[in-house]
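Here is a short report on side-chain contacts, charged pairs and nonpolar packing. Have the sequence and model at hand while reading.

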Amino acid sequence: GEAPPPAFTLALPPGVALPPGVSGRLDLTAEAIVWRGDVMRQAAIHARLAGGILDISQARVLLPGDSALTLQGRLATPSGGPRFAGTITATADNLRSLATWLGADLSPVPANRLLRARLTAGLALDGGVVRAAPLDLVLDSSHLTGAAALTLGARPAVSATLDLDRVSLDAYLPASTAPVAPAAPAAPVAPAAPVVASPGKAPAHPAGRGFGALTAKLGLHVGELTFRGIPVRGIVADAHLSDGVLTLDPLTAADAGGAAVALSGRVAGLGGALSLDLKVSVKAADPTGLFLLAGIAPPPALAGLRPIDLTGEITGGTREVTVANLRGRIAGTSPQGSLGVDLGGMRPRLTARLAVGTLDLDTRTKSSRSLRPAPPPALRPTEPPAGAAQQSSRPPSPAPSPADALSPTLPAA
C-alpha cells in the first residue's frame, strides 16, 4: 500500500542547539521584505542569548491587509527538542486582503464578513506539544476565549476548551438557507461507480482516512448561534474524536428555536459511510422552530401537536435513519414506537409505527379551528332583523370542514 505522509515535528537536527557558553545580543530590522508579490514592512527582532537561552524581547512585522504580528518569549533547546514560552499578538483590519496574500480564497463568504480579527494568546512549545493558553480571539462581532493544544506527530491530537459569545452562521453562508417549497421530482441519477482498489494496493483516498489519523477532544460553550434566522442559545458540547468515531457526551441546546434538545452517543464512519448510535431528547412548547432550523416549512397540522416532550434512539447511516424507542408526550398523548427515514430514493420516504394511549379529538379539533382564518366581513352571513322573514338572497352557510365533522353534537336536554 501507499506509505503515509511523513509526520511534521519540531525536533531539531542532531547537534543543533543554542550554545550554552555563548552570549550576545541581536538587533535586526528591515524596512521592507518582498514575499508572495507583496511587501512586509518594519520587520524587527530584538533578542539576547545567554546560558543557552534566547530571550526574545520583541519580534514584529507589518503584513499586507493592515495586519501586524508580534511575538515575545524565551526559547531553549534541551535534548528533548525546542522549548518556548511567550505571547503572540496578531491583528488584521482587512482580513480578506491578508487571506488573499496567503493564497486563501474567501470569495464564497459574503464580502461584509471576515473583515477584522484580533488574537492574543499565551504560546508554549514543549516536547512536540504546542499550547495556546489563555486564548482570546475577536472575529468580526464574535468573541472566542479559552485554551487549545496541538500534539504533533504521526497521529496528531487536538484538545480545546472554548467559549464563544455569539455567532450568526447566516452572515457567513454564501447562499440563502431559508425553507423552500418542495421541488418537482428530479430525474433518476445513476449511482456513481464504487472505488475498487487494485489487488495489493490500498485506495488512493480511503474514506475517513484523515479523521482516523486525528484524535481530538473539545469542550465548547456557545451563548447564541443564529441559523436560518432562528437563534439557538445555550449550546454546550463535550465531544471526543478517535479512530474516526465521534462521541458526543453530550451535545445540548437550552433553547433551539424554542426547544430544549440533548444528543449523546457515537457517530462512526466520518468521511465515508456514516453509522449512527445516538440518544436524543426534545422538549418544546412549540416545535415550529425546529422545522425552520431544518429548512422545512412547518405543516399546518403542527399547531395541533404541541407541546412535545420526547426521547428516542437514533440508529442507521447515510441511506437510512431510524428513531426507535420513541416515548414521551405529544399534545397530551403518549406515543410509543419508531420513525424511519429512507434516504436512498429520489425523495426521502418516511415510515412510522406509533401507538398512543388517549387521543383527544376535541382538543385537536379546537386547535385546527384556531388556525382557520375568519371569512372577510363582506362574506359573513348576517342575521335578519327581529321578526323579519329570511331572504332567499342570504348567503348559504359554509360547508362543514372535516375538523367540524369530528366534533360531537349533543341534543339539547
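Setting aside its neighbours within four places in sequence, His-46 is in contact with Leu-26, Asp-27, Thr-29, Asp-55, Ile-56, Ser-57, Gln-58 and Arg-60. The model is predicted. His-46 sits in strand E2. Its side chain makes a polar contact of 2.7 Å with the side chain of Asp-27.

Asp-27 also has a charged partner. Arg-25 forms a salt bridge with Asp-27, with the closest N and O atoms 3.2 Å apart. Arg-25 is exposed, at a relative accessible area of 59%. Asp-27 is partly exposed, at 47% relative accessibility.

**Salt bridges**

Side chains of opposite charge can pair when their charged atoms come close. A search of the whole structure finds eight salt bridges.

| Pair | Closest N and O atoms |
|---|---|
| Arg-25 and Asp-27 | 3.2 Å |
| Arg-83 and Asp-126 | 3.3 Å |
| Asp-243 and Arg-155 | 2.9 Å |

Which parts does the salt bridge between Arg-83 and Asp-126 tie together? Arg-83 lies in strand E5 (residues 83–92) and Asp-126 in strand E6, so the pair ties together parts that are 43 residues apart in sequence. Arg-83 is partly exposed, with a relative accessible area of 43%. Asp-126 is partly exposed too, at 37% relative accessibility.

The salt bridge between Asp-243 and Arg-155 has its closest N and O atoms 2.9 Å apart. Asp-243 lies in the loop between E11 and E12, and Arg-155 in the loop between strand E8 (142–151) and E9, so this pair ties together parts that are 88 residues apart in sequence. Asp-243 is exposed, with a relative accessible area of 53%. Arg-155 counts as partly exposed at 46% relative accessibility.

Salt bridges also form a network, which links Glu-224, Arg-233 and Asp-255.

**Nonpolar cores**

The largest nonpolar core has 30 residues. Leu-95, Leu-114, Tyr-172, Val-232 and Ile-235 touch the most other members. At least two residues of this core come from each of helix H1 (95–101) and strands E2 (38–50), E6 (117–126), E7 (129–139), E9 (157–168), E10 (215–227), E11 (230–242) and E12 (245–256). Another core, of 18 residues, lies apart from it; Ala-216, Val-267, Leu-278 and Val-282 are among its members.

What does Leu-114 contact, leaving aside its neighbours within four places in sequence? Leu-114 is in contact with Leu-95, Arg-96, Leu-106, Val-109, Leu-139, Asp-140 and Tyr-172.

How values were computed. Residues are numbered from 1 along each chain as its sequence is written. This is a predicted model: local features need pLDDT of at least 70, side-chain atom pairs count only at pLDDT 80 or more; totals for chains, interfaces and linings use all residues. Side-chain values use heavy atoms; hydrogens and water are left out. A nonpolar core is a set of buried Ala, Val, Leu, Ile, Met, Phe, Trp, Tyr and Cys residues joined through side-chain atoms within 4.5 Å. Buried means under 20% relative accessible area, exposed over 50%, partly exposed in between (1.4 Å probe, protein chains only). Helices (H or I, at least four residues) and strands (E, at least two) are DSSP runs, numbered from the N terminus. Contact means heavy atoms within 4.5 Å. A polar contact is a pair of N or O atoms within 3.5 Å; within protein, one must be able to donate a hydrogen and the other to accept it, and residues adjacent in sequence count only if both atoms are side-chain atoms. A salt bridge is a side-chain nitrogen of Lys or Arg within 4 Å of a carboxyl oxygen of Asp or Glu.
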